[in-house]
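The exercises below concern one predicted model. Work each task on the structure before reading its solution.

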Amino acid sequence: MAPSLREEGSTKAELGLADELGVQLVRLMRMIYKGRSIVAKQGPDGIERSAYSILFHLIHEGPQRTSKLAESLYAEISTISRQSSSLVQHGLVERLADPEDGRACLLAPTTEGLRVFEENRKQRNKWLAAVVADWPHEDRRTLTRLLDRLNSGIEAQMPQMADENKGL
């Protein structure tokens, strides 16, 4: 019997393209990691760079409990607690009473947190604009559209991936 052209529903050609994509994604992640290490571990304001993901999440998803943030950011509660405490000390995040449970608190961005977030966003956008400055406009649009599509596909696979890994 001839070997199958499909492995788990994909042709050898599809798997080859997936391998090329995987190589490029690993390369991208290494560049992101390298870029983060070039930038000081702590920003000029004394806040760990990784703590900004908490601020980003609160701005885009609204006030949340520490436990929900840890779950959403795939982080340990102790890490989120430490980083959010730093954000609170710097006036970028505030603790609010949870209307559903007065014993608990929600973390929410402050006006200063929004300002700092927007400043960081502007710096990121300037850097990205410089990276693709010599690309045709349509290529920039295509990249953005395809990255959105890739992210949506990854998000759609997440519950399935979690179910597949339950027994591991």
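**Exercise 1. Find the aromatic pairing in the model and classify its geometry.**

Solution. The structure holds 1 aromatic pair. Its members are F56 and F117, with 5.8 Å centre to centre and 50° between the planes, a tilted arrangement. Rings of Phe, Tyr and Trp (its six-membered ring) pair if their centres lie within 6.5 Å; planes under 30 degrees apart count as stacked, over 60 as edge-to-face and the rest as tilted. The pair links distant parts of the chain, as F56 is in helix α2 and F117 in helix α5, 61 residues apart. Helices (H or I, at least four residues) and strands (E, at least two) are DSSP runs, numbered from the N terminus. Next, take accessibility: F56 is partly exposed at 40% relative accessibility, whereas F117 is buried at 10%. Buried means under 20% relative accessible area, exposed over 50%, and partly exposed in between (1.4 Å probe, protein chains only).

Residues are numbered from 1 along each chain as its sequence is written. In this predicted model local features need pLDDT of at least 70, side-chain atom pairs count only at pLDDT 80 or more, and totals for chains, interfaces and linings use all residues, while side-chain values use heavy atoms, with hydrogens and water left out.

**Exercise 2. Describe how α2 and α5 pack, and list the residues that meet.**

Solution. Start with the axes: α2 and α5 pack at an angle of about 110°, with their axes 10 Å apart. Axes are lines fitted to C-alpha atoms, for helices over the stretch in contact, and angles run from 0 to 180 degrees between N-to-C directions. The two helices are therefore roughly perpendicular; the cut-offs are under 35 degrees for roughly parallel, over 145 for roughly antiparallel, 65 to 115 for roughly perpendicular, and oblique for the rest. Then list the residues: α2 contributes Y52, L55, F56, I59 and H60, which meet G113, L114, V116, F117 and N120 of α5. Contact here means heavy atoms within 4.5 Å. Sorted by type, the residues of this contact are 7 nonpolar, 3 polar and no charged. Ala, Val, Leu, Ile, Met, Phe, Trp, Tyr, Cys and Pro count as nonpolar, Asp, Glu, Lys and Arg as charged, and the others, Gly among them, as polar.

**Exercise 3. Identify the buried residues of α2 and what covers them.**

Solution. Helix α2 spans residues 52–61, and its buried residues are Y52, I54, L55, H57 and L58. Their cover includes α3 (66–72), α4 (77–89), β3 (93–98), β4 (101–109) and α5 (111–131). Now look at one residue of α4, L87. L87 is buried, with a relative accessible area of 0%. Leaving aside residues up to four places away in sequence, L87 touches I47, A51, I54, L55, L92 and V93. In α3, T66 is buried at 18% relative accessibility.

**Exercise 4. Which residue has a positive phi although it is not a glycine, and where does it lie?**

Solution. Y74 has a positive phi of about 50°. Y74 sits in the loop between α3 and α4 and is exposed, at 71% relative accessibility. For a glycine with positive phi, go to the end of α2: G62 follows that helix, with phi near 90°.
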